[in-house]
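Biologist: I am new to this structure. Please go through the terms as they come up.

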Amino acid sequence: MAQYEAVIGLEVHVELKTDTKIFCHSSTEFGADPNHHVCPVCLGLPGVLPVVNKKVVEYAIKAGLALNCRIAAFSKFDRKNYYYPDLPKNYQISQYDLPIAEHGCLEINVHGVDKRIGITRLHMEEDAGKLVHHGTISSTPFSLVDYNRTGVPLIEIVSEPDMRSADEAVAYLEKLKAIIQYTGVSDCKMQEGSLRCDANISVRPAGQAELGTKAEIKNMNSFKALHKAVSYEIQRQIKLLESGGKVVQETRTWDEARGETLSMRSKEEAHDYRYLPDPDLAPLVIDRAWVEAIKAGLPELPDARRQRLVTAYGLPEYDAMVLTSSRELADYYEECVQIYNNPKLVSNWVMGELARMMNAGGQDIQEVRISPAQLAKLLQLLAEGTISGRIARTVLEEMFNTGKDAGKVIEEQGLVQISDTGLIEKVVDEVIATNPKSVEDYRSGKEKAIGFLVGQVMKSTKGKANPGLVNELLKEKLNK
Amino acid sequence: MISIKDVEHVALLARLSLTEDEKQVYGKQLSDILENVRKLQDLNTEGVPPTAHVLDLQNVFREDRLGEHMPVDQVLANAPDRQDNFFKVPKIM
């Protein structure tokens with residue numbers, strides 16, 4: 001069997017976090033009642049005049065700069081024509097040949113290897129409305145249309161076909177999301193659709209320069225879905241070629257329930273959008289001074305912050321990468337370290353126990369009830385030996401659920417570590433007396449048997465005995 | 001000259017269903033329109049820079065400030081049909 005290489009490019013749509021829409025004063029707020037955030041402009045009523053929201057242009061420039069793009073000196077809006085009920089005007093205002101930003105790149109790291117992924121272009125456009133179907137989409141004869149989202153500002157970011165695996169595609173999207181979030185121009189919530197991703201995928205025999213025929217995959221609503229869909233599609237195309245078939249250029253949709261990509265019946269004879277410059281909108285002439293001012297206002301971006309965490313706190317590269325994956329997580333970490341300067345301990349707990357609880361509850365760091373100061377205090381109590389690691393986990397869990405201070409939880413549940421030698425000695429004696437088999441095993445050279453005995457002591461003290469002391473006392477008595 | 005195939009293509013994009021007679025009529029009309037517009041090609045544009053807009057305007061911006069929304073009944077006044085506060089249209093796949 002020949003070796004195949006996959007070629008992947010991503011098109012990512014990001015909703016910008018402005019108060020109003022791109023060409024009118026209607027609200028962009030998510031979750032309003034259907035058709036309550038509309039005005040004559042977003043409805044495309046006759047005689048209206050769209051006027052571009054200055055903040056949208058500023059945000060697009062900001063995102064373009066963060067992605068190392070060249071910002072256009074001259075840019076304009078075009079009409080992309082297609083007939084579909086999600087667009088009341090029957091065209092979408094977008095940018096065709098003169099996008100606001102081009103020729104960017106970002107760096108990804110997959111399995112320890114750094115790679116640069118090119119960004120072809122970044123352009124501004126308006127979002128379309130939402131179609132709602134009661135019952136299943138195949139059985140209902142009607143679409144219900146909500147135009148609240150119509151005209152919400154988007155940037156579309158098109159990558160070069162530089163990715164070669166599902167892992168690289170996911171790494172690219174994660175990095176893109178982090179960078180955009182750091183700039184603050186979007187909250188990039190995939191579950192609310194403020195970050196959406198389509199993938200162009202083709203395969204070719206290894207070593208062949210010419211690209212294979214590509215399929216466009218839509219409807220991937222999470223990183224997991226992106227990974228599964230890309231992996232599936234690569235295998236589908238390879239199998240197709242291996243069995244003598246041909247890949248057809250088409251749009252396919254990811255069906256999460258079936259775990260497959262399915263061909264979408266073609267909406268149009270061809271993609272014939274008949275772009276034309278929008279005569280309602282004046283061209284943009286971008287002043288260099290404006291671009292420089294926006295550049296000066298860019299925050300520290302993920303790569304720079306990762307580097308700084310390594311040099312400033314002596315963190316391993318891996319820790320720094322995980323902690324800087326979102327601006328809020330990095331902020332949380334640094335705030336915690338500022339209060340309690342033990343960078344590696346804080347990192348271990350943020351990336352370990354805290355992340356585990358967040359994942360289990362599907363929460364972001366912003367939603368966590370434990371403040372950085374509260375976590376700092378807990379870790380201080382741990383490092384000072386007031387509580388053991390095991391107890392600290394229990395306390396953290398309670399803090400996570402209730403938002404209480406560590407000290408309060410420890411007091412309420414009587415969890416202070418027992419470091420009273422006399423008390424522990426008493427329990428150790430009991431355990432030695434009631435477990436002669438393990439005692440004998442240990443004395444005959446099976447050193448591991450001590451683990452069981454330590455466990456017994458911890459059990460009868462409900463985990464509160466200082467483990468170091470328990471070990472010490474047990475060894476002392478057993479070696480007598 | 002616009003071919004019948006061109007007419008069919010444009011009709012499909014515009015979601016129009018045309019009879020054979022109509023295709024002939026519209027084909028002729030579209031050809032006439034294009035022929036008229038083609039006359040612009042005869043103009044000498046030597047030294048005239050390309051333009052993206054007919055007016056000498058640039059950077060017309062609005063501030064990111066909220067305005068009034070339309071009352072929902074007014075929004076739906078022109079809807080072919082409605083269900084609750086949604087526009088109701090035939091499903092297009």
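Modeller: Axes are lines fitted to C-alpha atoms, for helices over the stretch in contact, and angles run from 0 to 180 degrees between N-to-C directions. Helices (H or I, at least four residues) and strands (E, at least two) are DSSP runs, numbered from the N terminus. This is a predicted model, in which local features need pLDDT of at least 70, side-chain atom pairs count only at pLDDT 80 or more, and totals for chains, interfaces and linings use all residues. Residues are numbered from 1 along each chain as its sequence is written, and chains are lettered from A in the order in which they are written.

Biologist: How do the axes of H2(A) and H5(A) cross?

Modeller: The axis of H2 (residues 54-66) of chain A comes within 10 Å of that of H5 (residues 288-296) of chain A, and the two cross at roughly 65°. Their crossing is right-handed, a term for a near helix turned clockwise from the far one by less than a right angle.

Biologist: Which residues of H2(A) and H5(A) meet?

Modeller: Glu58(A), Ile61(A), Lys62(A) and Leu65(A) of H2(A) meet Val291(A), Ile294(A) and Lys295(A) of H5(A). Contact requires C-beta atoms, placed from the backbone, within 7 Å.

Biologist: How many residues of chain A are in contact with chain B?

Modeller: In chain A 42 residues touch 34 residues of chain B. E10(A) gives the most to that side of chain A, with five residues.

Biologist: What makes E2(A) and E1(B) a pair?

Modeller: Strands pair if DSSP finds at least two bridges between them. E2(A) and E1 (residues 61-62) of chain B have two bridges, in the parallel sense, so they pair. Val52(A) stands opposite Phe61(B) there.

Note on methods: Two residues are in contact if their C-beta atoms, placed from the backbone, lie within 7 Å.
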